[in-house]
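Here are my notes on this model, point by point. Please read them with the structure open.

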Amino acid sequence: MIRFLDLHSQYLSIKTDIDEAIAGIIRESAFVGGAAVESFESSFAAFQQASHCVAVGNGTDAIEIIIEALGLPGGSEVIVPANSFIASSEAVTRSGCRVVFADVDPDTYLLDPGDVRRRITARTSAIMAVHLYGQPADMEGLRGIAAGHGLRIIEDCAQAHGAEFKGRRVGALGDAGSFSFYPGKNLGAYGDGGAITTHDAALARRCRMIANHGRIDKYNHQFEGRNSRLDGLQAAILSAKLPHLESWIEARNRVARLYLAGLHGIDGLLLPKIGDDVRHAFHLFVVRTGRRDELAAHLKQAGIQTGVHYPIALPRLSAYAYLGQANEAMSANRIDVELLSLPIGEHLAEAEVQTVIAAVRSFFGADARG
Ligand SMILES: *Cc1c(COP(=O)(O)O)cnc(C)c1O
């Protein structure tokens, strides 16, 4: 069986460190907040080249808290890519703003700045750049638009730890970035976790207060916030994993290069386009074909697990019927039925990647590599 994700093999590869991290937190009873969380915040800020990091309960909360801290006017519009996980848009609505979907580029699957420009109205307050699948969105294009219209930029980096746009890491390229440490993400906790990164000290402080009941010290609450904190166990586990993240991202890039070389030139199969001057974190390796379900079934038969990200474009979800964007002629609304995620990760040996390549080629009746 070639697994899509193998968290157990990753655990075994760093078992001593993880076990010691967990035992240390239990020994200290440092279950919420404390030194382990602060230490993780400073190492993760350094890893993402951000001045500040605020750890929170999960990646969805991270987006909501950023929007609240930015003080976007209630009812204002936030432009969100039509191809993403629902958390990106859900956080907008839950923060009292209105979602406006913009199309993605059909080759990179990332927010199309041209379409963003067309969606701007007098009520637009922010753009959500989602670095989907681990590839940075066109931050230069988006920053230009934001500057021209006085808009904020939030980066959803849930899939893009360590990714870079023109040599700079994502997360502090706009106003603030949100990260998820859901177990299956490139940097995953053993439960839920998330973080906010920014260069703006005042914004970081507001986020920290919102995530911790609006307080500045134990019972001094400046306003009503909420409870969204990273726990000590997750922080210690994440700190034990962080030193390995670079090599895991490199391993993902090696798998991606094998796929790009081995699956090149197959009629009916589109490979992901990688932007110039980006470092892709390859959380997912997504191919496109009109025969998606057949290909997935063929690979399953061959013992190869695949995934679909995401089977229904956001505007076509029942949750967003009220926006009336389901039938817009956007590429996102059309290609959702064609996307297939192949296995990728440091758990895969080169021979396994070649097995996947051979199985895909045999499905399309393409010769063995050539
Ligand atoms: C995982 C994910 C989130 C949400 O993160 P959680 O920690 O699960 O709340 C947000 N956006 C994207 C693009 C994601 O993949």
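1. Glu64 first. Glu64 is buried at a relative accessible area of 11% (buried is under 20%, exposed over 50%, partly exposed in between, with a 1.4 Å probe and protein chains only). Arg94 is exposed, at 64%. The two form a salt bridge, with the closest N and O atoms 4.0 Å apart (the rule: a side-chain nitrogen of Lys or Arg within 4 Å of a carboxyl oxygen of Asp or Glu). The pair links distant parts of the chain, Glu64 in helix α4 and Arg94 in helix α5, 30 residues apart. Helices (H or I, at least four residues) and strands (E, at least two) are DSSP runs, numbered from the N terminus.

2. Ground rules. This is a predicted model, where local features need pLDDT of at least 70 and side-chain atom pairs count only at pLDDT 80 or more, while totals for chains, interfaces and linings use all residues. Residues are numbered from 1 along each chain as its sequence is written, and side-chain values use heavy atoms, leaving out hydrogens and water.

3. Salt bridges elsewhere. The structure holds 20 of them. Asp175 and Arg152 meet at 2.9 Å, N to O. Asp175 sits in the loop between β7 (168-169) and β8, and Arg152 in strand β5 (residues 152-156), so this bridge ties together parts 23 residues apart in sequence. Asp175 is partly exposed at 21%. Arg152 is also partly exposed, at 31%.

4. Glu246 is in helix α9 and Arg169 in strand β7, 77 residues apart. Arg169 is buried at 10%, whereas Glu246 is partly exposed at 29%.

5. Largest pocket. It holds about 550 Å³ of space. Of its 30 lining residues, Gln159, Tyr182, Lys185, His283 and Tyr310 are the closest to the centre. Elements giving two or more residues are α4 (59-70), α5 (86-94) and β8 (176-180). The largest share, three residues, comes from α4. By class, the lining has 13 nonpolar, 13 polar and four charged residues. On the terms: a 1 Å grid over the protein atoms alone is used; a pocket is an open set of points with protein on both sides within 12 Å along at least five of seven lines, a cavity is a set where a 1.4 Å probe fits but cannot get out, and lining residues have an atom within 4 Å of a point. A volume is the space filled by probe spheres set on the points, which are joined across faces, edges and corners. Ala, Val, Leu, Ile, Met, Phe, Trp, Tyr, Cys and Pro count as nonpolar, Asp, Glu, Lys and Arg as charged, and the others, Gly among them, as polar.

6. Second largest pocket. Its space is about 370 Å³. Gly33, Glu41, Arg208, Asn212 and Arg229 are the closest to its centre, among 18 lining residues. α8 gives the most, with four residues. The lining divides into eight nonpolar, four polar and six charged residues.

7. Cavities. There are two of 30 Å³ or more. Leu5, Leu7, Gln10, Arg252 and Glu346 lie nearest its centre, out of 17 lining residues. α9 supplies the largest share of that lining, three residues. The second largest cavity has a volume of about 40 Å³.
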